[in-house]
Amino acid sequence: MTRKTLLSWSSGKDSAWTLHLLRQRRDLEVAGLMTTVNQLYQRISIHAVRLELLKLQAEAAGLPLLIIDLPSPCSNSQYEAAMERFIAASRQQGIECMAFGDLFLDDIKAYREAKLSGTGITPLFPVWGIPTDQLAKEMIASGVRAVVTCVDPKQLAASFAGREFNEEFLSALPAGVDPCGERGEFHTFVFDGPIFRRPVEIEVGEIAERDGFIYADVLPARQDSAHEARV
């Protein structure tokens, strides 16, 4: 018997690698990707990736995308209420586990465990505790390709926004910046890798500052650009 599992999907590399590891387990069935989306801007929370790109990722991964709509602005109580409704509905639909791509922040892991306690859904943390320097290199070596969508300029130079997450990127990171950005230094969007049946064709648009963060707007590639990239 396999346990039906949902994966908390951020659109980034850590979520992608979590899915890769989940699919190697015979005791689990990944039933879908769950993600929170800002209702007003139709973008995923934190990473600010467009909903249309999330849908392209889910199609490439061959999984349904389950959207948790959040108001804008969204208070913590509103967020928790939306999540509680989603968790209850998921349990009624036979979901037994929820997986997360958290790496080493104990408070976040404890928060997720507390919120799922007593719900009948087991939290899973497949990448927890893997050294992030090792993990970053392993993801890149496996073919994971991602672009940096958001940078916290208090921790990392704005010029890193819009760059590809690769060996050159890792080599350029200042000392003290986590190689996977686990402390919020940067966030990514995955457009290719072992979890996808085909790449998500993208291009990087405007890079702008909003609310103290630097965002690179990732767009679906124009048909002519996608064609040129394949030639």
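**Figure 1. Helix α1, a helix largely enclosed by the rest of the structure.** In this predicted model, eight of the ten residues of α1 are buried, so the rest of the structure largely encloses this helix. Here, buried means under 20% relative accessible area, exposed means over 50%, and partly exposed lies in between, using a 1.4 Å probe and protein chains only. The buried residues of α1 are K13, D14, S15, A16, W17, T18, L19 and L22. They pack against β1, β2, α2 (51–61), β5 (97–99), α5 and β8 (186–192). A contact means heavy atoms within 4.5 Å. Helices (H or I, at least four residues) and strands (E, at least two) are DSSP runs, numbered from the N terminus.

A note on reading these views: residues are numbered from 1 along each chain as its sequence is written, and side-chain values use heavy atoms, with hydrogens and water left out. Because the model is predicted, local features need pLDDT of at least 70 and side-chain atom pairs count only at pLDDT 80 or more, while totals for chains, interfaces and linings use all residues.

**Figure 2. S11, in the loop between β1 (3–8) and α1.** With 0% relative accessibility, S11 counts as buried.

**Figure 3. Helix α5 and its buried side.** Helix α5 runs over residues 132–141, and T132, L135, A136, M139 and I140 in it are buried. These residues cover an arc of only 130 degrees around the axis, which puts them on the same side of α5. The arc is that of the directions from the helix axis to the C-beta atoms. Just after α5, look for G143, which takes a positive phi of about 105 degrees.

**Figure 4. Helix α2 and the glycine that follows it.** In α2, the buried residues are L51, L53, L54, Q57, A58, A60 and A61. G62 comes after α2, and its phi is positive, near 75 degrees.

**Figure 5. T35 in strand β2.** Strand β2 spans residues 28–38, and T35 lies in it. T35 has 3% relative accessibility and therefore counts as buried. Which residues does T35 touch, not counting residues up to four places away in sequence? They are W9, I44, L54, L65, L66, I67 and I68. For a sense of distance, T35 and T149 are 114 residues apart along the chain, and their C-alpha atoms are separated by 17 Å.

**Figure 6. The cis peptide bond between S72 and P73.** The bond that joins these two residues is cis, with omega about 0 degrees. P73 can be found in the loop between β4 (65–70) and α3 (76–92).

**Figure 7. D211, in the loop between β9 (202–210) and β10 (213–220).** Is D211 buried or exposed? At 74% relative accessibility, D211 counts as exposed. D211 is not a glycine, yet it has a positive phi of about 55 degrees.

**Figure 8. P220 in strand β10.** P220 is partly exposed, with a relative accessible area of 27%. Leaving out residues up to four places away in sequence, P220 touches E52, L53, L56, E201, I202 and E203. The C-alpha atoms of P220 and A157 are separated by 26 Å, and these residues are 63 apart along the chain.

**Figure 9. Stepping back to the whole protein.** The protein has seven helices and ten strands. Its C-alpha atoms fill a box of roughly 45 × 35 × 35 Å, taken along the principal axes. Of its 231 residues, 47% count as buried. Among contacts between residues at least 6 apart in sequence, 69% join residues at least 24 apart.
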